[in-house]
Amino acid sequence: MITNAAPIVTRRMGYEDSHKLSRYLETGGYDGFKKALTMSREDVADQVNRASLLGRGGAGFPAGRKWSMLRSATTSYLVINGDESEPATFKDHLLVERDPHQIIEGALICAYAIGASQIFIFCRGEFALGLERLQQACNEAYEIGAIGKSIFGSSFSIDLVIHPGAGAYICGEETALLESLEGKRGFPRIKPPFFPAVQGLYGAPTVVNNIETMSNLPWIVLNGGDAFAALGEGSSTGTRLFALSGRVNRPGWYELEMSKTTFRDLIFDPTLGAGVKEGRALKAFIPGGVSAPWFGPGELDLGLDQDAVGKAGSMLGSGSVVVMDESTCVVRAAWRITRFFSRESCGQCTPCREGGGWLEQILRRIEEGKGRETDLDLLMDVCDNLAPGLTWPPQQTTICVLGPSIPSSIASSIRMFRDEYHAHIREGRCPMGSR
Amino acid sequence: MTELDMSTQETPVTVSVTIDGNVVQARPGELIIEVAERAGVFIPRFCYHPRMEPVGVCRMCLVEVSGPRGFSLQPSCYLHVAEGQEVITNSPKARKAQEGVLEFLLVNHPLDCPVCDKGGECPLQDQTMAHGPGETRFIEQKRHWPKPIDIGPLVSLDRERCIQCARCTRFASEVAGEALIDFAFRSSEIEVAPFALEPFSSYFAGNTVQICPVGALTAPPYRFKSRPWDLEQAESTCEGCAVGCRTVAQSSAGALVRYLGVDVDGVNQSWLCDKGRYGFEAVHASNRLSLPLLNRGEELEESTWHDALLAVSDSVQEALREYGPSSIAFIGGARLTNEDAFAFAKLAKAVIGTDSVDAQLGDGLPAELVLGLPRATINEAVKAKVVIVLNQDLREELPVLFLRLRRSVVEKSTAVIDCSSVTTSLSKYATSVRYVPGDLARVVALISGESNVDALGLDQDQIELAKMRLSAAGLGDGGEGLVIVCGRGDLGESASIVASAAATLHRLFPKARFLSALRRANVHGALDMGLAPGMLPGRVTFEERSDALVRAWGPMPAERGSDAIGTLEAAAQGKIKVLFTLGADVLSDVPDRDLAKRALAKVPTVIAIATHHDSTTSAATVVLPVAGEGERSGTVTNIEGRVAPTTQKIVPPGVSWPAWMVAAEIARKIGSDLGFESLFEISEEIAALAPAYHGVNLGLANSDARREGVVVPVGPVAIDIRSRPLDPIATPGISSVEEQGAPIRLGKTARATLAGDAGLESSGGLQRLVRALGAAPLVVAPRADSYTYRLSIRRTLYDQGTLVQSSSSLAPLRAPFALRVHPQELARLGVKDGEELMIRTSRLAIRVNVIADADLARQVVVLGARAEEAGTFGAFDLIDAQELVVDVRLESI
Amino acid sequence: MAHLNSENLERATRLIALYPKDRSALIPLCHLAQSQDGFLTEEAIQDIAELVGVTPAEVYGTATFYDMLHTEPVGKYVFAMCTNIACLLNGAFELLEHAQHRLGVHVGQTTKDGMFTIEEAECLAACDTAPCIQVNHRFFGPLAAESFDALVGDLESGRLDDVVPPHGVLSRVERSVGLVADTENEVAR
């Protein structure tokens, strides 16, 4: 069901100049932050707690809980994760280019609530235009007194720095992102300590939140946490920005009320995805970025709900849905995703560094028609050595979750399309004509 | 002593964990992998190293660990034990994870074991043999890279073999403090790389080769030299410098081929410097002596022991007859073992009757100071509240002491005050006081709070900062918690100035302890054995000789003799008729080359007891070849006073003898007898007659306690030696298979009871001498005029010494010979960086290339401590041993 | 080419001042150096090492971790062509094939005239315009053979000079102020 919930984070997208300060101020910009400054820090945090805002980066950890775990210290940091790199995800890209002030305002609200000493917005380096607009917005925010000393006449002061990434998927992992922000290789940190809130940037307590998460804050402060929580169902509250791509007629971003809308709505509704390209049948879809196991037509009626998707064996992840149609070669799709992980492995842990490349080579061999009957068992067993038991959520043999994400596509596609894999091996070629 | 203290001070709090069903007690904060190892469960590993921070990246050590959400696979090298924790290392799940990691490691690892240096001692190979499947499931393409590339002068990298354990990169940044290598790129393309314009030329690079768990890093000096199963080995002590790092010397077909560092908690903690690691090449160098040589008129000719010793006894007896015992002198001995040194001390003082004996070559400190100051151990230094380093670049002189100190400063377990005439390798970690050579005693007095000292010309801010650092350190009464490191780091500043500074500090902080930084391998042992004027074995003066010694040695020399410089001055005046040089190249090593030349020209009979041909053997009348490092057994004593065994592994060349036998034969030939027939008998005599060495004989040194050595003097206490878990990957290769599989090698526990008499560290007489030094006025060199530069003369690790120059791998690494000058002074002189200029002293002028160095004080110029460079003059030609400092003029050419 | 010029050294100092620890500026400085020379020269690596207080090996090791930072020269225009899942499903490999044919170079190579370098990219976060590419980090898509050729023509003729700056230039807007807040908000926790 598509509800008529008003958009929150994309509410300015109708304007060509949505990224400009004038437009932002005309449409209620910085009102949320100004209101927050009149509230106590605890009250602001409380509103976010009441909103039950789940982190929009991929792991879906409640934002309010993250804040409350912050270790008490004289110096603490707020780091905004804008290193969006999960394949098929392009919502933060949109927010950075089209509404940078909203991110900054959200970050300021968060920094106020947690008492941070400095804000860093880690923006994916490839978003050159986004960086430009974010920097412009940052400069403007300093000019109007929204950032800096005694902000808007209050006793609150803070600096904000726009930090460009340099192209490495793993830096989306929050501890790798912190390493990168410290000027190092993006190696995820070993746990424990488990949370940056305890030991983050330069060892100081740090909150790392996603760009979309931040973009919700001005609305939540203005309208109250309860209003946000009234949207959606269960733990999946509010609206969420979904990125739809692949073999659909209307790929794009759609801000939808959580839980209530289904995958079928998203993909087939004429106002949303408008169905599979060229009228073909849907073969499979990925419900939440390429780290997520695939779904088939049988799961189309699941709601866009974190818990429901989790229970069904996958995840809503970064909110990106990729559609494959009947002409798609699943071996080729799984191979390309595996090659992605293989290339993006940071290289620290043996299973991920070596396993990714091995799996990629086996899949390529099968796709090229050189597969062997034993290859499917081999694929599954190698996957099992990355994610023991191949359970969901996965167990892991590596420091971070990149390693155990590699099996998602492989194991789910083999489970769903074993015949197609066999056909490759039997026929010695791709039966789909490598599409 | 120290070990016992540590065990009694440990807090008894423990946690209980279950490992494979057995309950084990552990200290909080211990790693699971360590606790398991102690409990007899060896968990396979690659990246874990007991002397580096764990990173948990290779994932080989995954085990099942209980937690709030049940069991999960965790890296046992990273996780600390916790009360009630349950660990399962051998469940099907843990085994599958470990075998999976092993298989992953082999995905890109080449199968070139037959041509790999590591083959036969490779943990990856051993693991695969023990636990791997019979055949591979991997039929794809392996990663390919050009085979070994040289990433530094002594390290080659085979990237195909690398398993990315980060041991080498962590060593470089964490232990050595110089990240000259790092990982580059990522995913399976990740590689260890230096920066293209900056090779991996660390003094400590060899450690990365030793700890590399596969054959990725190899060292050209060992490459293709031997196979592990052909190696024989013996534990020994490095004689590259006076730190006394513990090593394993490995030989193949009668030749030394490799040295490895052994983990001794008090000393090197498994690390070595490359000079120590590769210096053994000198043993097999072409300039090794193998036959006695005799000059019967024109030139040295090959001879026999019989003829050579006869010549020696003839000249000694003639000198005794004609001129008396004081016409005979001994210089050198700092490269002998304690037993050798003892034999020569007895020969000189008891048989010949001369006291002109000096193990130092004018480049050290007064013996009474070295022997009389209260001593610190290295472990005390690294835990001291403050360490003051007196004009010393430890990385160049005692490299592993630098490693230990640097790390302890970085880890904030101590703080360093660096008083030096130049920026040193510790400066960036220290509170630094820069001064012009000559002012050291003033500097230390000022930072210690002495008020009536002239501070003119010193950097007040730096002095104040150091003073604050010292006073804020929370030192105990009498300066307890302060350690002072002193040696002769700057040969341009006289020993009397350093001695004045050290003795002053001792006066102001009587409970502060001192760590000697004299560098020649067994200089401390030689001094302890009495190879110094006025001294007798066991750190006592002549006056304090025991009845037992008098009974054994007979009458002592009537008069106090001269030190090396005094001897050479006497020789220059024709007063020395027979000069013994004990492994000392007087013409190259004495930092007043003019004096050395004049002296040797006047001595009728020079008897060189040596291992290598050098400029002094060429000028000698008799040359007697002796066994060197690796060719004879005995003990050596390091900077702390730690006595440890040095072990014979190979046969010395030709007819070389152990040095003590030479002393014994000379005694016999002149109609006397040293009274011992074997090494063990010498050792017994030392243990009985040398007070500081009471109870410390070869038997003890070779006991189970030997890995740690013993710091003398040792009281009548039980020593509890509990070895730490070692790194089986890096420790003596050939038992690698055994160490990797069951049964495992555990840290050894040994107990030794010593019969020592808890004697004083040094005698009352020595202590009085040191106090007198401290009470005397400060020794300060007068300031020079503004046209004069003051020369700082500093050693570099790869120097002109015999050891380095005879090692084919090290010799090319010698630093270029050049004068360092402040760029503004160069501009003033109109000389450009890299050009030549003239250094002039009252004695002579020499041409030298210059290097601009903006870190220098403007009136200080620096020259490497080198005697001669291809027929030209060097720093030692500029030194006048009578002067406090070396003042020079610089002129453009 | 080579070392950071004086203008960029000043920029570098300003960038370093934005961070609590100097090394944090390492990657921004790499971008800065790349905006000057199109890639990271060895001299720039030495400069950066000195500026942030690490070794050149650490700068090199860190820079090579990241796809955007090049330690070898590249063409005036770098085509980063995505072939990840959404683009793959919409003909990315066919487009890549075409691009290599059109420019006469393989992935990883630069045309002889030094104009174009082709790289295969991972997802660029513009999947609604698949298959998409970036030219010097400016987005173009969806592209097909003809539109790709037209794009090459526009770049060659300089018609896109306003849109596509030289390789290495990211934000053309510079930060206008340094750090000004000057207080730590440690209160109230």
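Modeller: Two residues are in contact, that is, they touch, if their C-beta atoms, placed from the backbone, lie within 7 Å. This is a predicted model, in which local features need pLDDT of at least 70 and side-chain atom pairs count only at pLDDT 80 or more, whereas totals for chains, interfaces and linings use all residues. Residues are numbered from 1 along each chain as its sequence is written, and chains are lettered from A and ligands numbered from 1 in the order in which they are written.

Biologist: Leaving aside residues up to four places away in sequence, which residues does B:A502 touch?

Modeller: B:A502 belongs to the largest nonpolar core, a set of 497 residues, and is one of those that touch the most other members, together with A:A107 and A:F285. Such a core consists of buried Ala, Val, Leu, Ile, Met, Phe, Trp, Tyr and Cys residues joined through C-beta atoms within 7 Å; buried means 20 or more other C-beta atoms within 10 Å of a residue's own, exposed 12 or fewer, and partly exposed in between, with C-beta atoms placed from the backbone. With those sequence neighbours set aside, B:A502 touches B:L369, B:L373, B:L390, B:I484, B:C486 and B:F514.

Biologist: What ipTM does the model score?

Modeller: Chain C averages a pLDDT (the predictor's confidence in each residue, from 0 to 100) of 95, and 96% of its residues score at least 70. Residues 185-189 of chain C fall below 50, although this stretch has 13 contacts in the model beyond near neighbours in sequence. For the model as a whole, the pTM is 0.95 and the ipTM is 0.96.

Biologist: Which helix of chain C gives the most to the side that touches chain A?

Modeller: This contact involves 62 residues of chain A and 54 residues of chain C. At least two residues each come from helix 2 (26-37), helix 4 (56-63) and helix 5 (85-88) of chain C, where helices (H or I, at least four residues) and strands (E, at least two) are DSSP runs numbered from the N terminus. The greatest contribution, 5 residues, is that of helix 2 of chain C.

Biologist: How many charged residues lie on the side of chain B that touches chain C?

Modeller: Here 15 residues of chain B meet 11 residues of chain C. Strand 8 (181-184) and strand 9 (191-194) of chain B each supply at least two residues of that side, and strand 8 of chain B gives the most, with 4 residues. Counting Ala, Val, Leu, Ile, Met, Phe, Trp, Tyr, Cys and Pro as nonpolar, Asp, Glu, Lys and Arg as charged, and the others, Gly among them, as polar, this side of chain B has 11 nonpolar residues, no polar ones, and a charged count of 4.

Biologist: What percentage of the residues of chain B count as buried?

Modeller: Chain B contains 29 helices and 40 strands. Its radius of gyration, taken over C-alpha atoms, is 28 Å, close to the 29 Å of the globule rule for 893 residues, so chain B is as compact as a globular protein of that length; the rule is 2.2 Å times the number of residues to the power 0.38. The C-alpha trace spans about 85 × 65 × 55 Å along its principal axes. Of the 893 residues of chain B, the buried share is 60%.

Biologist: Why is helix 23 of chain B described as largely enclosed, and which residue just after it takes a positive phi?

Modeller: Helix 23 (residues 659-669) of chain B is largely enclosed by the rest of the structure because 9 of its 11 residues are buried. Those buried residues, B:W660 and B:I666 among them, pack against helix 8 (305-323), helix 9 (338-352), strand 26 (605-610), strand 27 (622-625) and helix 24 (679-689) of chain B. Just after the helix, a positive phi of about 85 degrees is taken by B:G671.

Biologist: In strand 20 of chain B, which residue is the bridge partner of B:S420?

Modeller: Strand 19 (residues 416-420) of chain B has 5 of 5 residues buried, so it is largely enclosed by the rest of the structure. B:V416, B:D418 and B:S420 point one way, while B:I417 and B:C419 point the other. Strand 19 of chain B pairs (at least two DSSP bridges between two strands) in the parallel sense with strand 18 (residues 386-390) of chain B over 4 bridges. It also runs parallel to strand 20 (residues 431-434) of chain B, joined by 4 bridges, and there the partner of B:S420 is B:R434.

Biologist: Which residue in strand 8 of chain A stands opposite A:F242?

Modeller: Strand 7 (residues 239-246) and strand 8 of chain A pair in the antiparallel sense over 6 bridges, forming a hairpin with 5 residues between them. Strand 8 (residues 252-257) of chain A has 5 of its 6 residues buried. Opposite A:F242 stands A:Y254.
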